[in-house]
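Here is a short briefing on one protein chain. Keep the structure open beside the text as you read.

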Amino acid sequence: MTSTDSNSLPLWVQHRDKVLEQSTDIEWRYGKFPDYTRSNENIAKESTRNHPEGSLEAIVQNLVRTFDVEANFKTNPQQWISVVNDKFRMSTNGGPGYTVSDLVESGTYKLLIGNTQHYKAAEEDFETSTNLFHTAFPEGFTWEVLEVFSAPPTVAFKWRHWGHFKGAYKDHAPTGETIEVIGMSIARVTDDLKILSLEHYYDNTKFLEKLTASGKQAIGEPKQKPANFWSFFQQLWNWQGKPKSDQGKSSACPFSAFMR
């Protein structure tokens, strides 16, 4: 497939902003239209590729980004336009094939990562999983196509996911490091470029190891152990037993030791 006039292409392989502009009466998650302003800024500044409009690379990238919008924000599977709803399946590293309904319920993070040492999909749901990574990457976790190796109907392509680790991941303090994931996918599509299946292949542990490499760290001030009943009276006794010459330098309150 050579470069094509993008306006002649189906809506779902055009820029996602155009897809969103033409999305009406959609049942949006959180009840509102998603805002990709920051993501678009990050893409413009930090992408390693600038695919010509209408090229195969741009078409594949647009299709997957439309799919990502729908997977994260459209709660009614019948309103998805990027896939063949009743046939679609998505798998990761040869694992189970998930349906559109599975994605609506669980979200992309949970189904793409699975159960690993530092992330337990079985213990997460859509909200907790999304919040976990949105907290770790407050500026976004952006995605781009690097290379496309084959044309439709079976499209093999290499991609890059990246973000800046500026928020806590669970109880691991942020490092500010730019963390990226490189992977490959195979998309089987129809003649009009709707997705029948997506197979993803990548190391689902490397970026989690970077998020947890420094070990567990306390976020904020260290917690103080609560004083037990006996230690309270020891501190009270010590306060009462101090010579009067010291009292002008210290608080007159016996609870001052607990409030420093």
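**Briefing: surface, sheet and helices**

The chain exposes about 14,800 Å², and carbon and sulfur atoms supply 52% of that area. This is a predicted model. Buried residues account for 43% of the 260 residues.

**Overall fold**
- The chain has 9 helices and 5 strands.
- Along the sequence, the pattern reads α-α-α-β-α-α-α-β-β-β-β-α-α-α.
- Take the contacts between residues at least 6 apart in sequence: 59% of them join residues at least 24 apart.

**The sheet**
- The 5 strands form an open sheet in the order β1-β5-β4-β3-β2, with mixed pairing.
- Its edge strands are β1 (89-92) and β2 (141-148), each of which pairs on one side only.
- From one strand to the next, the twist averages 25°.
- Strands β3 (residues 154-164) and β4 (residues 178-189) run antiparallel and are joined by 11 bridges.
- W162 has E180 in β4 as its bridge partner.

**Helices on the sheet**
- Helix α2 (residues 37-46) packs on the sheet and touches β2 and β3. The direction of α2 makes about 100° with that of β3.
- Helix α3 (residues 56-73) also packs on the sheet, touching β1, β2, β3, β4 and β5. The direction of α3 makes about 145° with that of β2.

**A nonpolar surface patch**
- F149, M184 and Y201 form a nonpolar patch on the surface. Together they have about 290 Å² of accessible area.
- Y201 lies in strand β5 (residues 195-201).
- Y201 counts as partly exposed because its relative accessibility is 35%, and partly exposed covers the range between under 20% (buried) and over 50% (exposed).

Key:
Residues are numbered from 1 along each chain as its sequence is written. This is a predicted model: local features need pLDDT of at least 70, side-chain atom pairs count only at pLDDT 80 or more; totals for chains, interfaces and linings use all residues. Side-chain values use heavy atoms; hydrogens and water are left out. Helices (H or I, at least four residues) and strands (E, at least two) are DSSP runs, numbered from the N terminus. Buried means under 20% relative accessible area, exposed over 50%, partly exposed in between (1.4 Å probe, protein chains only). Contact means heavy atoms within 4.5 Å. Accessible areas come from the Shrake-Rupley method with a 1.4 Å probe; for residues, only the protein chains shown count as cover. Patches are made of residues with over 30% relative accessible area and no salt bridge: like charges are joined within 9 Å, nonpolar side chains (Val, Leu, Ile, Met, Phe, Trp, Tyr) within 5 Å. A salt bridge is a side-chain nitrogen of Lys or Arg within 4 Å of a carboxyl oxygen of Asp or Glu. Two strands pair if DSSP finds at least two bridges between them. Axes are lines fitted to C-alpha atoms, for helices over the stretch in contact, and angles run from 0 to 180 degrees between N-to-C directions.
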